[in-house]
Each structure stands twice: as C-alpha cells, then as structure tokens.
Amino acid sequence: MFLPSVLLVTAVLLVTAVLLRVEASPRNAFESTRGCLQFNSDSGYYTDHPFFATSEFQNMETDDGRGVTRLRFGVLGDKHAAIRFTSVSSNSETPMTEIALAHWEDTRTDIRKYPRTVPKKLNSVHLGEFKLRDVMSIFAPTMMTAEIHRNGYVTVTKDGEFAPFLQFSDPGFSFKYMGFAKWNVPVAFFYDCPLNVGGGPNEYVIPAGKGEESCGDGVRI
C-alpha cells in the first residue's frame, strides 16, 4: 500500500506544479488586440480626423430581441484618448458624442456632445463625468466593449470585468461612424475588435485561424 500512496502523492504534486506554472506563465497583453483594426492618432485634437463606417465592421453584433448593439475597441497610450461617434462621415454641424477617456492627466473621463465643426469652442453638452485614475497605459492596451441600447443608453465595460465603468444616456446617440483623436500625446486605437466569448462578458478569447489581413483604412492585426 505504501508504493501506490507515494505514486498518488507524486502525481498530485506534479499536476499542481504544472497548473501553477501555467498560472504564473508570462502573458502577452497585446493578444487582446488580435483581429482588431488599428488607427494611430499622431495629429492634434482639433484636426479633421477620419471617421469609419460601422456598417463595414466585421465584428459588431446586434441583438434585435434586446435592442442592443455591442462593439469592442481599445486604446494604448499614456492619457488623453477621444473616442467619437456620429451619424455622418464628413464635417458638419451634426452632433458628435465623444468619450474623452483619461483626460485631465488621466484622472477623469468625460462624456460630451457637440457639433463636429466646433470642438474647440467646447460649448458641449455634458452627458457624464467619471473621476477615474490610471485608465490608460503605455505598456498594455485597455480593451472595452460598448453596449448601445435603442433608447440611447450606453454602457462601456473593460475586458474581464462584469460591471461597466462608464454609462450615459443620449437619446440622439448615433454610432453609424466612429472616429478617434488624441490631445497632446500619441495614442493607438484598436477598433472593430472580435467580441469576447470567454467566461466573463469581456474576457477575450483568440479566434481560431485569425491572421493579418487588410481591411478598409486600417490593418487588421
């Protein structure tokens, strides 16, 4: 009986060691951007940035039963990222809703709305203010998923989390076009990212067979 017991204990220790090694093994944070398109914003906040038609996105998903559209995107940089949504592709007086992520030296995120042609006047309508620190990083992308309801209620949840860290209501919200801008430091944006199918609502799982392919104005990673 002694030998089988020793073998059993040895087997348990080996399995435990393997599991601990897997748990402690290094992870490449940039795997979370696999399958995304990328836009690098190196021009100023007031520049006429391009907008991308979400109708051409491959990974946006709409649940007609719930009336909810989900799209996943991310940012990489020190601070001051602007994620913009609007109904037209070119500059006009059409309203634009902006998530000013990690502004005020990465201490606050604002949701605001204003005509696209006059952001510098900042005569905006404030839809939300969130005092959040360390939202962005230069070492790892911050990936998130927006859930957009038909009535204009929007939530934004980080990968791996269950509760949204941003939420606001905008009855006139349009996401036909999506654009990006930075303030005073370079920011890389990832968009049209694969939606998550892991254990949590925003736990990323790499799709099988995803390689690099060109698409639209960006390059799919």
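Reader: Okay, what is the secondary structure made of?
Author: First, keep in mind that this is a predicted model. The protein chain has 221 residues. Its secondary structure comes to 2 helices and 15 strands.

Reader: And how much of the chain is buried?
Author: To count as buried, a residue needs a relative accessible area under 20%. Of the 221 residues, the share that passes is 44%.

Reader: Which residues touch the most other members of the largest nonpolar core?
Author: As a rule, nonpolar side chains in soluble globular proteins tend to be buried together. The largest nonpolar core here has 31 residues. The ones touching the most other members are Phe73, Val75, Ile83, Leu101 and Val156.

Reader: Let's pick Val156, then. What is it in contact with, leaving aside neighbours within four places in sequence?
Author: Val156 is one of the core residues that touch the most other members. With those sequence neighbours set aside, its contacts are Phe73, Ile99, Met144, Thr145, Ala146, Pro164, Phe165 and Leu166.

Reader: Is strand S7 largely enclosed or largely open?
Author: S7 covers residues 108-115. Of its 8 residues, 7 are buried, so the rest of the structure leaves S7 largely enclosed.

Reader: Which residue in S7 is the bridge partner of Thr97?
Author: Strand S6 takes in residues 95-102, and it pairs with S7 in the antiparallel sense over 6 bridges. For Thr97, the bridge partner in S7 is Lys113.

Reader: Which cysteines form the disulfide?
Author: A search of the whole structure turns up 1 disulfide. The two sulfur atoms are 2.1 Å apart, and a pair has to be within 2.5 Å to count. The partners are Cys36 and Cys193.

Reader: How many residues apart in sequence are the parts it ties together?
Author: Cys36 is in the loop between helix H1 and strand S1, while Cys193 is in strand S13.

Reader: What about Asp192: buried or exposed?
Author: Asp192 lies in strand S13 and has a positive phi of about 50° although it is not a glycine. Its relative accessibility is 3%, so Asp192 counts as buried.

Reader: Which residue's backbone nitrogen lies 3.0 Å from a polar atom of the Asp192 side chain?
Author: Start from the side chain of Asp192 and look for a backbone nitrogen. The one 3.0 Å from a polar atom of that side chain belongs to Gln58.

Reader: Last one: what is the phi of His80?
Author: His80 is found in the loop between strands S4 and S5. His80 is buried, with a relative accessible area of 4%. Although His80 is not a glycine, its phi is positive, at about 60°.

Notes: Residues are numbered from 1 along each chain as its sequence is written. This is a predicted model: local features need pLDDT of at least 70, side-chain atom pairs count only at pLDDT 80 or more; totals for chains, interfaces and linings use all residues. Side-chain values use heavy atoms; hydrogens and water are left out. Buried means under 20% relative accessible area, exposed over 50%, partly exposed in between (1.4 Å probe, protein chains only). Helices (H or I, at least four residues) and strands (E, at least two) are DSSP runs, numbered from the N terminus. Two strands pair if DSSP finds at least two bridges between them. A polar contact is a pair of N or O atoms within 3.5 Å; within protein, one must be able to donate a hydrogen and the other to accept it, and residues adjacent in sequence count only if both atoms are side-chain atoms. A nonpolar core is a set of buried Ala, Val, Leu, Ile, Met, Phe, Trp, Tyr and Cys residues joined through side-chain atoms within 4.5 Å. Contact means heavy atoms within 4.5 Å.
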